[in-house]
Amino acid sequence: MKQPPPIFTGILAVFAISFAVLAMAPAIQLGGLQPFVDEDVGDIYPIDVSGVQAEGRAVYVSQGCVACHTEQVRDPSEGADIERGWGVRRTVARDYIYEQPVLLGSMRNGPDLANIGTRKDPDNPDKYTVAWHYLHLYNPQGVVPGSIMPSYRFLFEKRKIAGQVDAEALKLTGADAPPAGYQIVPTSEARDLVAYLTTLDHSHPLKEAGPNVQPPKTSGAGGTAK
Amino acid sequence: MSAAEIEWIDRSLIDASVRTPVMFFFTTAQTWLLAATLIGFVCSIKLHWPGFLGNWSFLTYGRLWPAYTNILVYGWGLPAGIGSSIWITARLCRVVLRAPWIPIISGIFWNIGVTVGVIAVLAGNMQPYELLEFPRQASVLLFIAYALIGVWGVIMFQNRRPGHIYISLWYFVGAFFWFPWLYASANLMVGSPHVHGVVNAAVAAWYAQGLFGYFFASVGLGTIYYLIPKVIGKPIHSYNLAQLGFWSFALFWGLTGMVRYTGGPLPVWYSSLSIAALILLLIPVGTVGVNILMTMKDDTHMVYHSPTIRFTMYGIVAWLVGMVITILGSVREMDPYTHFTQFSVGTFHLLIYAFFSMTMFGAMYYIVPRLVGCEWLSASFIRLHFWGSGYGIGFMILMLIVAGFVQGGAWNDPGSFPHATEVTDEIMPYFRGLSLAWIPLIIAHLLFFVHFIAMLLRLGQPSGEATLFAPIQEGEHHP
């Protein structure tokens with residue numbers, strides 16, 4: 001048996017270093033993170049809501065939302081995320097311990113969604129409600145003129161009105177309005193997706209993330225309405 | 001028989017033994033490149049015309065984009081690189097291919113894996129991590145296929161004729177080893193129910209970054225180190241520089257992954273370490289650049305004659321420019337303006353296309369005639385391919401990099417651009433430019449495909465003189 005030449009040893013060694021530092025170290029350092037518990041006030045964060053979010057998270061993954069949206073808020077020294085109203089503090093590793101798969105993302109063709117569930121537009125109280133999300137997914141340009149988000153109308157169905165109009169039926173006008181006697185209703189996928197989006201919240205105070213800042217009072221802080 | 005004749009027969013035997021697997025990898029790679037071109041063009045149109053082909057879930061941007069990047073990487077890039085490294089490895093080990101069925105089986109598994117993976121992505125069955133989107137069914141096939149290539153490579157290396165180990169072989173042996181480990185460990189960790197939260201993201205970043213260095217840069221640089229000295233007929237400028245370049249590259253590259261999470265939720269030391277490692281990569285980038293350019297110093301006129309030299313020189317210049325831009329864009333002062341923007345798509349294309357794919361085109365122009373026994377049909381076709389690919393990708397990268405800075409600047413200026421639509425309005429002209437940039441690329445890829453198929457059907461010019469852009473004058477060196 002010939003001795004393996006030094007090139008093999010070297011190649012294995014550099015790979016082992018890379019694996020240890022960038023894959024094993026995070027697993028050891030961060031894999032065992034526990035929720036933050038404040039026993040005095042009975043406060044626990046994060047709470048495992050992965051059961052509620054699982055279906056909607058799967059739709060988010062399957063539609064590839066991550067191609068244009070992130071779910072992470074950076075420190076003010078690293079970017080204007082907080083100033084823009086995307087969060088009240090930076091997000092940290094502990095925020096994500098129950099998230100599987102984690103959807104940090106790497107591209108912002110659209111706004112960050114880490115706190116889309118808590119977002120408010122002082123000028124338009126209807127914005128970011130469940131009904132608004134349905135309209136937005138059905139026809140983004142209908143509620144946000146100039147948006148480059150594609151329509152997800154294949155997550156909705158046209159159904160004949162039998163008796164009463166469905167409570168979730170979209171209030172569509174103009175060219176989008178369904179023919180008389182019909183209504184547009186969300187499929188279970190759209191319902192799950194919106195349930196997921198409206199529970200997305202990484203704003204609970206955490207010691208390692210520093211103090212929360214007050215959200216700015218400017219209109220359209222969420223960064224979509226015109 | 002003279003020694004030269006024996007050598008010639010030797011080479012012919014080696015070439016004949018690798019013909020089927022190499023041509024199989026090249027042909028499938030070419031076909032996937034056309035698919036990537038089509039899908040990439042549609043993605044680009046969707047950025048400025050969101051309603052385009054918008055009624056079907058399998059054509060939504062969120063699925064087409066990962067389909068495009070995965071086809072470009074796993075359909076075109078890896079098989080082209082595997083084909084090139086099989087041929088060069090056989091030549092450098094100077095042994096007839098052992099067990100040719102290994103790479104052929106591998107090629108079949110690989111392409112089934114890519115097909116399954118792309119269909120799954122279009123159907124929405126994917127993982128949300130860059131270049132790890134393929135579901136388990138596909139990644140297992142890809143792993144088996146590549147592991148076979150790795151085993152084959154090591155067998156070849158161990159049976160090589162004694163003598164000096166040329167620098168290209170270092171890079172190829174590295175790629176044969178690194179990629180299957182990287183791919184297996186990343187897929188196992190990301191897919192494991194015991195790994196959650198940001199650890200998944202860290203592993204995914206480690207993988208995506210590793211793929212570029214430990215496969216694409218390794219195979220690209222190994223190919224360039226072989227082709228350039230071979231065509232101009234001169235040894236590499238400095239062997240010590242080449243070794244320094246290899247080891248510093250191998251060590252530092254593996255630590256750069258967390259630049260993808262600068263400012264993100266991971267503890268800050270990860271990104272600090274990765275930024276430092278990325279800056280240290282200037283050492284191998286510089287040494288490789290100096291080494292190749294010094295080797296070419298007295299033969300720069302060859303870019304006017306040899307297609308192989310012209311494409312690989314484009315590749316090495318793109319490597320230098322691409323790495324410098326990547327490093328500059330990743331330092332903390334610049335990161336807020338480049339992170340999460342089209343800038344990263346720009347550097348992706350710089351490395352995967354302007355550097356790696358252009359190098360592979362150059363390699364194919366050199367290798368294919370030696371395998372099929374005829375020369376390329378038309379120098380004009382090659383010239384058009386070069387201009388289409390070269391200008392197309394150059395313009396596209398320019399658009400993406402500028403768009404990235406505009407996008408990053410606008411997101412970071414909520415006072416002037418409070419709404420998302422105002423940010424996208426700013427970059428809309430660049431998105432339109434991007435679609436324009438695809439047109440020369442489409443023409444170039446179609447031309448190259450036709451030209452390649454003609455070679456496959458042995459419709460080329462009879463063997464003898466290589467097809468050159470311009471004849472080489474007296475006193476110039478023959479390729």
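Analyst: The radius of gyration is taken over C-alpha atoms, and the rule for a globule is 2.2 Å times the number of residues to the power 0.38. The structure discussed here is a predicted model.

User: What makes the radius of gyration of chain B agree with that of a compact globule?

Analyst: Chain B has 479 residues, for which the rule gives a radius of gyration near 23 Å; the chain has 22 Å, and therefore the two agree. Along its principal axes, the C-alpha trace of chain B spans about 80 × 45 × 45 Å. The chain holds 14 helices and 2 strands, and 58% of its residues count as buried. Of its contacts with a separation of 6 or more, 84% are between residues 24 or more positions apart.

User: What does the same rule give for chain A, and what radius of gyration does chain A have?

Analyst: A compact globule of 226 residues would have a radius near 17 Å, but chain A has 22 Å. The C-alpha trace of chain A spans about 80 × 50 × 35 Å along its principal axes. Buried residues make up 45% of this chain. Chain A has 5 helices and 4 strands, in the order α-β-β-α-α-α-β-β-α from the N terminus.

User: Why is B:Ser84 called buried?

Analyst: The cut-off for a buried residue is 20 or more other C-beta atoms within 10 Å. B:Ser84 has 28 and is therefore buried. Its place is in helix 2 of chain B. Leaving out residues up to four places away in sequence, B:Ser84 touches B:Val219, B:Thr223, B:Met360, B:Ala363 and B:Ile367. B:Phe25 is 59 residues from B:Ser84 in sequence, yet their C-alpha atoms are 8.9 Å apart.

User: Why are B:Leu53 and B:Arg94 called partly exposed?

Analyst: A residue counts as exposed at 12 or fewer such atoms, and as partly exposed between that limit and the buried one. B:Leu53 has 15 other C-beta atoms within 10 Å, so it is partly exposed. B:Arg94 has 14 and is partly exposed for that reason. B:Leu53 is in the loop between helix 1 and helix 2 of chain B, and B:Arg94 is in the loop between helix 2 and helix 3. Phi of B:Leu53 is near 50 degrees, a positive value in a residue other than glycine; phi of B:Arg94 is likewise positive, near 50 degrees.

User: Why is A:Asp201 called partly exposed, and which residues does A:Asp201 contact?

Analyst: A:Asp201 has 16 other C-beta atoms within 10 Å, so it is partly exposed. A:Asp201 is located in the segment after helix 5 of chain A. Apart from neighbours within four places in sequence, A:Asp201 is in contact with A:Asn115, A:Gly117 and A:Thr118. From A:Asp201 to A:Pro46 the C-alpha distance is 9.8 Å, at a sequence separation of 155 residues.

User: Which residues touch the most other members of the largest nonpolar core?

Analyst: This core has 213 residues, and those touching the most other members are B:Ile71, B:Ala186, B:Ala202, B:Val203 and B:Ala204. Helix 6 of chain B gives the largest share, 25 residues. Leaving aside neighbours within four places in sequence, B:Ala186 is in contact with B:Leu132, B:Val203, B:Ala204, B:Trp206 and B:Tyr207.

User: How many residues of each chain are in contact with the other, and of which classes are those of chain B?

Analyst: The contact involves 67 residues of chain B and 62 residues of chain A. The elements of chain B giving two or more residues to this side include helix 1, helix 2 and helix 14. By class, the side of chain B has 35 nonpolar, 25 polar and 7 charged residues.

Note on methods
Residues are numbered from 1 along each chain as its sequence is written. Chains are lettered from A and ligands numbered from 1 in the order in which they are written. This is a predicted model: local features need pLDDT of at least 70, side-chain atom pairs count only at pLDDT 80 or more; totals for chains, interfaces and linings use all residues. Two residues are in contact if their C-beta atoms, placed from the backbone, lie within 7 Å. A nonpolar core is a set of buried Ala, Val, Leu, Ile, Met, Phe, Trp, Tyr and Cys residues joined through C-beta atoms within 7 Å. Ala, Val, Leu, Ile, Met, Phe, Trp, Tyr, Cys and Pro count as nonpolar, Asp, Glu, Lys and Arg as charged, and the others, Gly among them, as polar.
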